[in-house]
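Biologist: I would like to learn how to read a structure that is new to me. Could you walk me through a few features?

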Amino acid sequence: MSETTADTTAATIDGPPTPARRGAAHDSAFLRACRHEPVPHTPVWFMRQAGRSLPEYLKVREGIPMLESCMRPELVKEITLQPVRRHQVDAAIFFSDIVVPLKAVGIDVDIKPGIGPVIADPIRTAEDLKRLRPLEPDDVPYITEAVGLLVDELGTTPLIGFAGAPYTLASYLIEGGPSKNHENTKAMMYGQPELWAALVDRLADITSAFLKVQIEAGASAVQLFDSWVGALAPDDYRRSVMPSSTKVFDAVAHYGVPRIHFGVGTGELLGLMGQAGADIVGVDWRVPLNVAAERVGPGKGLQGNLDPAVLYAPTKVVETKAREVLHAAQALGTSGHIFNLGHGVLPSMDPDALSRLVAFVHEASAR
Ligand code: CP3
C-alpha cells in the first residue's frame, strides 16, 4: 500500500516471471530485502500481527469460531488488512492457522480459545496414519479466494503465505494438543522411526500443497513455521526432521518466491535450518543477529528478533532495544534483514506500542 512503482513484468530471483497480480509488490522494501537488494528502510512486520491484540479483530470475530473464520474469504481479507492499515507494516501475513490444512483433509481438529489446536483422535499408529490423506487444491477453495481478494486489495504491499512445518504439525497430531515436553512425539520419533518418517513425509506433502495454493493465488513470499522444533537436539533434527522440511522448500523452489523458516528456541539449529533450504531464517530473541548470521552462513537473509516482552517496557527502552537489533543486523553486510519480533504478538500487547515500533524502525533505518 505504501511502496513505489509497480513492476508487473519483472522476474523473481531464480524463478519464472511473477504473475501480474503478485508483481505489483515486486519493488516493496520487504521483497527487496528478501533479495538482498538495497532498501529505503528495513522492512518490518510482526508474527501474529493479525489477531487478538487488536480491538477491531475481536469485534469482527465475535461469535465466529476460529477455524470457521479461516474459511470465510471476506473475513480473512478484513482481518489480514487490519494490522496493515493500523501499523503501516511492510507486509501482510495471511490470516489462517497451521491446522487449517489438517482440518481440510478431514482431521477432527478444533482451536480452543486460550489453549490452541486440539485433535480429537491423535495419530500414534500405522493404522491412524491412514486417516491423513493428501491435500488437493479443491479442499481449500476458500484459501484461493481469500488470497486472490487480498492480493488485489494490497497492491504494492506483499502478502506472506504460510504453513506449519512437519515437526510442529506432527507434535499436535501425536500429542493431541499443545505439549510442553513432546513425550509422545519423541516416543514415536525414537521408538518407531519408520512410522515417524512416513508421518512427517505425508505432512511435508500436505504443507507443500497448502503453500502452493497460496503462491499460485498470488502470495509474494512464504513462511514455514516450525514453532516447536527447538525441543530437539541438532543430531535428531538433522536425522528425523530436516529431510521433511527440505522436501517442502524444494517443492516450492521453482516459484522463485522468498522462503522464510522460523522456529522458537532454535539457537543450536540455525545452521541446519538454513541448510534445510530457506532463503531467510527467522531468529528468536535468544541469539543476537550478528551471531545468528555466523551460524546460518553467507547468502541467507535473517528475520527478527526483538523480544516480544520488550513491548511492555517504556517507549525509550523499546527504541533502545530495537536499535540494538538494527545494529546487530548490520553484520549481514547487505540489506537482507527483515525486522520482526522473536516470536508472535501477545494478545495483551498495546497496539499503539506496535505502531510506534514500526515508525521507529522505519525512521532509524532510513537510508
Ligand atoms: O497474524 C498472523 O500471524 C496470521 C495468522 C496466524 C494465526 N496462527 C492465527 C491465530 C498464524 C501465522 C498462525 C500460526 C500458528 N498457529 C502457529 C505458528 C506461529 C507461532 O506463534 O509459533 C502455531 C503454533 C499455531 C497453533 C495455534 N493456533 C496456537 C498456539 C493458537 C493460540 C491459542 C490461544 O488462544 O492462545 C492458535 C489460535 C490462533 N491462531 C489465534 C489466531 C489469531 C487466536 C484464536 C482466537 O483469536 O480466538
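**Reading the features**

Modeller: Gladly! Keep in mind that this is a predicted model. A search through the whole structure turns up zero disulfides.

Biologist: What is a disulfide?

Modeller: It is a covalent bond that joins the sulfur atoms of two cysteines.

Biologist: Is Cys34 buried or exposed?

Modeller: Buried means under 20% relative accessible area. Cys34 has 3% relative accessibility, so it counts as buried. Cys70 is at 1% relative accessibility, so it counts as buried too.

Biologist: Now the helices. At what angle do the axes of α9 and α11 cross?

Modeller: Helix α9 covers residues 166-175 and helix α11 covers residues 193-216; their axes cross at roughly 115° and come within 9 Å. The crossing of α9 and α11 is right-handed.

Biologist: Which residues of α9 and α11 meet there?

Modeller: From α9 there are Pro166, Tyr167, Leu169, Ala170, Leu173 and Ile174, and they meet Trp196, Leu199, Val200, Leu203, Ala204 and Thr207 of α11. Sorted by kind, the residues of this contact are eleven nonpolar, one polar and no charged.

Biologist: Which residues is Asp279 in contact with, leaving aside its neighbours within four places in sequence?

Modeller: With those neighbours set aside, Asp279 is in contact with Val257, Pro258 and Arg259, and also with Gly299, Lys300 and Gly301.

Technical notes. Residues are numbered from 1 along each chain as its sequence is written. This is a predicted model: local features need pLDDT of at least 70, side-chain atom pairs count only at pLDDT 80 or more; totals for chains, interfaces and linings use all residues. Side-chain values use heavy atoms; hydrogens and water are left out. Axes are lines fitted to C-alpha atoms, for helices over the stretch in contact, and angles run from 0 to 180 degrees between N-to-C directions. Helices (H or I, at least four residues) and strands (E, at least two) are DSSP runs, numbered from the N terminus. A crossing is left-handed if the near helix is turned anticlockwise from the far one by less than a right angle, and right-handed if clockwise. Contact means heavy atoms within 4.5 Å. Ala, Val, Leu, Ile, Met, Phe, Trp, Tyr, Cys and Pro count as nonpolar, Asp, Glu, Lys and Arg as charged, and the others, Gly among them, as polar. A disulfide is a pair of cysteine sulfur atoms within 2.5 Å. Buried means under 20% relative accessible area, exposed over 50%, partly exposed in between (1.4 Å probe, protein chains only).
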